[in-house]
Amino acid sequence: MPDVLTGLLNGFGIAVQPMNLLMALLGCFFGTLVGALPGIGPSATIAILLPVTFGMDPTSAIIMLAGIYYGATYGGSITSILMNIPGDPSAVMSTLDGYKLAQQGRAGAALGMAAISSFIAGTFSVVALMLIAPPMADFAVRFGPPEYFGIIFLGLTLIVYLGGRSVIKGLVSGVMGLVIGTVGVDPMQGFGRYDFGSVRLADGVPFIVVAMGLFAIAEVLVNIENPLKTEFISGKLSGLLPTRKDLADSRGAFLRGSLIGFFVGVLPGAGATIASFLAYGIEKRVSKSPERFGNGAIEGVAAPEGANNAATGGAMVPLFALGIPGSSSTAILLGGMIMYGMRPGPLLISQNPDFFWGVVASMYIGNVMLLVMNLPLAGVFARLTRAPYSVLYPMILLFVLIGAFSLNNSVFEVWLVLLFGVVGYAMRKLDYPLAPLVLALVLGPMAEKALSQSLTMSHGSMAIFVSRPISAVILVLTFVMLFSPLFKKMWASRRASAGA
Amino acid sequence: MKKGIGLFMACMLAFSVMVTGGCQSKGAQESAGAKDKAPASKYPEKPIELVVHTKPGAGADILARTVSDILSKEKMVAQPITVANKSGGSGAVAFSYVAEKKSDPYVLLAAQPTLVTTSLKSGGSNFSIKSFAPLAGLAADESVVVVKADSKYKNMEDLISAAKKAPKAVSQGGGAIGASDSIVGHLIQKATGVTFNYVSFGTGGEVPPALLGGNVDFIVANPAEVKGLVEGKKLRIIGVAADKRMEGAPDVPTLKEQGINVVYQSFRGIVAPAGIPADAAAYWEGVLEKMTKTEAWKKYLKDNSLTPSFMKSADFGKYLEEQAKIYEAVMKEMGQLK
């Protein structure tokens with residue numbers, strides 16, 4: 001413990017040097033901006049700015065790049081909430097309740113809650129990173145394919161909770177997502193599936209393209225059926241910040257979001273996106289009034305936003321403790337560290353303590369900066385929602401089309417996003433929920449990969465899922481969550497008939 | 001007033017989208033920071049694009065950035081060199097992009113074995129190994145066999161005799177089938193007559209954790225991928241697929257020494273689209289050779305555990321043709337090619 005304290009104090013000493021403070025600020029600012037813009041994600045930005053940092057002190061450089069990373073996970077929520085456009089895959093869940101809140105005039109509360117939740121969870125994950133990184137990393141590597149499959153399977157079962165009124169429609173939407181997820185190269189054998197021979201589809205349909213089309217473009221299409229309002233929305237913008245009640249309601253969400261986010265973030269290969277899915281689903285599942293979710297429940301913003309920020313801290317755990325990148329953004333950070341001559345690995349913390357503690361301390365500061373920057377801005381951004389639709393919708397289309405093009409500097413993705421816009425429009429008109437589709441699109445391919453790997457490891461035997469302790473626990477948990485309502489009902493009716 | 005703010009914010013957002021959309025080339029150009037005046041009639045006269053087939057952070061990307069960085073810092077090239085990442089399709093996106101730029105001397109490509117394997121697989125599409133003009137081979141990346149530090153396999157003999165007990169008794173973790181590590185695994189199986197249980201993971205980054213967690217028995221990797229973990233005593237290298245032992249790891253025996261005749265090196269080099277003018281090719285050959293003599297390059301080799309191996313363009317070209325033949329045969333054996 002004393003080691004940690006001295007290290008941390010030393011780190012703060014480094015982090016508050018003017019250059020490093022500036023770098024943290026720049027990182028948070030750019031990160032938020034980039035996160036808000038659909039299409040350009042944190043990994044692309046980090047890649048672009050990496051060469052700019054050559055010649056700088058490595059600690060300063062990584063401070064800025066890390067700031068971009070967690071700034072972007074917050075930034076994605078801005079457009080999610082205001083315009084139903086997820087700026088980043090990890091922000092998709094925030095559209096469900098966040099946008100509804102904005103439509104109810106409570107955009108400020110939603111944005112503010114996102115900022116607060118991100119701060120709490122982000123700080124929690126930095127504390128955890130600081131205290132338990134090495135043992136956490138050692139535990140995380142014990143997660144092999146069967147355990148990953150368990151977690152992903154758990155995520156997939158949560159689809160039933162995203163179905164809204166009709167569970168069947170939710171399942172249909174989920175299956176559509178699974179089917180779209182099969183497009184691309186087969187993970188085990190390497191041949192192409194449904195890619196129409198096109199090299200473009202070899203890696204599958206890009207998630208962000210589907211999300212932008214389904215959510216944003218479809219939203220515009222649905223709304224232009226009504227006469228467009230050309231004046232500003234009248235009526236008060238109630239409360240530019242979350243109320244005390246909001247904060248109190250969200251206490252559980254803060255805790256769950258932080259824990260789920262950090263833990264999922266630690267697992268290499270699982271990151272902010274899955275963390276936000278799981279957090280939202282579990283929040284809804286344990287809520288006493290789940291019907292509010294999807295209609296403007298403030299916890300529906302607090303949980304996923306907290307989780308995706310906690311996941312960034314979690315992703316740093318394998319990076320610093322073992323030198324293993326858990327996501328594409330951390331892979332770039334790793335590349336940067338190698339270029340600075342550092343040797344990422346278990347010895348990094350002991351060989352470069354100044355670097356590690358400097359970055360950790362700076363992450364605390366960065367989280368505070370994000371909060372301070374964004375709380376006041378929440379009110380300013382919220383006023384955007386009062387722009388007339390005749391201005392807002394063309395702008396949304398502009399963002400989305402540019403975002404789609406910028407993915408690969410090609411028009412192919414633009415056609416794709418338009419296609420999914422039409423699909424999303426059809427789904428909205430026929431009242432099919434969108435969230436299960438995107439959830440299944442992300443989780444389906446991962447589940448398939450984990451399943452094939454597990455079965456290869458076990459030479460075809462399904463027993464591997466229960467013979468390994470962690471995997472067995474996860475599966476039990478999943479079944480409990482799935483079937484407990486049924487058990488409760490059976491139990492209640494038994495007691496009623498026994499008592500009668 | 002409120003109206004104004006709303007519209008203003010909206011316009012600001014739209015403007016920033018357009019700026020950042022165009023930001024890619026802008027930002028990177030500013031960063032290369034080389035001299036901006038070139039003698040008017042000499043090549044190169046325009047900025048140069050160095051294409052990489054991976055996302056940022058991967059080995060090929062680091063190579064490209066190191067090359068561009070050294071060349072600009074040491075002022076060896078008068079124009080800025082921009083690194084352009086075009087990942088996708090196991091490199092097909094980047095390779096077809098460069099192949100289409102026939103005879104354009106302002107586009108270069110960082111080359112690794114993936115160039116050969118993907119070119120072979122994409123039969124029918126618009127590029128083959130002949131679409132590229134070799135400029136220079138720069139370095140070679142070794143392949144090492146790695147196990148957990150506390151594994152019961154202390155050397156290759158232990159591993160192979162366990163594998164001989166039953167087919168698929170020993171598991172190897174690696175990338176997609178057709179990637180370098182799967183090829184080395186295949187070659188070892190051929191040389192020793194055993195069959196491994198190959199478990200494929202997606203991106204390279206997922207492979208070392210699988211080994212650390214005890215989910216597979218061994219992996220084949222480039223030394224740089226496992227350096228940190230070996231030094232941290234979590235993993236151990238039990239063999240290197242080379243003719244002689246690595247300088248940085250003199251007590252690791254080669255596979256040959258242990259009775260397994262397998263040698264495999266991943267080349268790292270630079271190519272250009274076919275048909276570029278001879279003086280451009282000669283220019284790069286000269287500049288790259290100079291670069292390999294700099295201290296910065298030597299440090300890069302050491303930090304990444306690469307073996308120096310400079311080849312001029314003619315030799316590199318012959319080498320690539322040989323590699324293509326070897327890979328074609330191996331991939332047919334592995335069922336990756338008809």
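This is a predicted model: local features need pLDDT of at least 70, side-chain atom pairs count only at pLDDT 80 or more; totals for chains, interfaces and linings use all residues.
**Close-up 1. Chain B as a whole.**
Chain B holds 12 helices and 11 strands. It has 338 residues, and 56% of them count as buried. The chain exposes about 14500 Å². Carbon and sulfur atoms supply 55% of that area. Take the contacts in chain B with a separation of 6 or more: 77% of them come from residues 24 or more positions apart.

**Close-up 2. The six-stranded sheet of chain B.**
This open sheet has 6 strands with mixed pairing. Their order is β2-β1-β3-β10-β4-β11. Strands β2 (81–85) and β11 (307–311) of chain B stand at the edges. Each has a single partner strand, so one side of each is left without a neighbour in the sheet. From one strand to the next, the twist averages 20 degrees. Strands of a sheet pair through backbone hydrogen bonds, either parallel or antiparallel.

**Close-up 3**
Strand β4(B) spans residues 132–142. It is mostly covered, with 10 of its 11 residues buried. β4(B) and β10(B) run antiparallel and are joined by 9 bridges. β4(B) also pairs with β11(B), again in the antiparallel sense, over 3 bridges. Look for B:Ala140. It stands opposite B:Phe267 in β10(B). B:Ala140 also stands opposite B:Thr307 in β11(B).

Helix α12 of chain B covers residues 313–333. It lies across three strands of chain B: β4, β10 (265–273) and β11. The helix runs at about 115 degrees to β10(B).

**Close-up 3. Helix α4 of chain B under cover.**
How many of the 9 residues of helix α4 of chain B are buried? The count is 7, and the helix (residues 92–100) is mostly covered. The buried residues are B:Ala92, B:Val93, B:Ala94, B:Phe95, B:Ser96, B:Val98 and B:Ala99. Elements of chain B supply cover for them. Among these are the strands β1 (48–52), β3 (107–111), β4 and β10. Helix α5 (113–121) of chain B is also included.

**Close-up 4. A salt-bridge network in chain B.**
B:Lys293 forms a salt bridge with B:Glu289, and their closest N and O atoms are 3.8 Å apart. Salt bridges that share partners join B:Glu289, B:Lys293 and B:Lys312 into one network. B:Lys293 has 55% relative accessibility, so it counts as exposed. B:Glu289 has 22%, so it counts as partly exposed. Over all chains, the count comes to 18 salt bridges.

**Close-up 5. A salt bridge in chain A.**
Here A:Glu299 forms a salt bridge with A:Arg292. The closest N and O atoms are 2.7 Å apart. Is A:Glu299 buried or exposed? A:Glu299 is buried, because its relative accessible area is 7% and the cut-off for buried is under 20%. A:Arg292 counts as partly exposed, at 32% relative accessibility.

**Close-up 6. A nonpolar surface patch in chain A.**
Which residues form a nonpolar patch on the surface? They are A:Met19, A:Leu22, A:Leu26, A:Phe29 and A:Phe30. Together they have about 420 Å² of accessible area. One of them, A:Phe30, has its place in helix α2 (residues 18–36) of chain A. A:Phe30 is partly exposed, with a relative accessible area of 33%. A patch residue needs over 30% relative accessible area, so A:Phe30 at 33% passes that cut-off.

Methods. Residues are numbered from 1 along each chain as its sequence is written. Chains are lettered from A and ligands numbered from 1 in the order in which they are written. Side-chain values use heavy atoms; hydrogens and water are left out. Patches are made of residues with over 30% relative accessible area and no salt bridge: like charges are joined within 9 Å, nonpolar side chains (Val, Leu, Ile, Met, Phe, Trp, Tyr) within 5 Å. Accessible areas come from the Shrake-Rupley method with a 1.4 Å probe; for residues, only the protein chains shown count as cover. A salt bridge is a side-chain nitrogen of Lys or Arg within 4 Å of a carboxyl oxygen of Asp or Glu. Helices (H or I, at least four residues) and strands (E, at least two) are DSSP runs, numbered from the N terminus. Buried means under 20% relative accessible area, exposed over 50%, partly exposed in between (1.4 Å probe, protein chains only). Two strands pair if DSSP finds at least two bridges between them. Axes are lines fitted to C-alpha atoms, for helices over the stretch in contact, and angles run from 0 to 180 degrees between N-to-C directions. Contact means heavy atoms within 4.5 Å.
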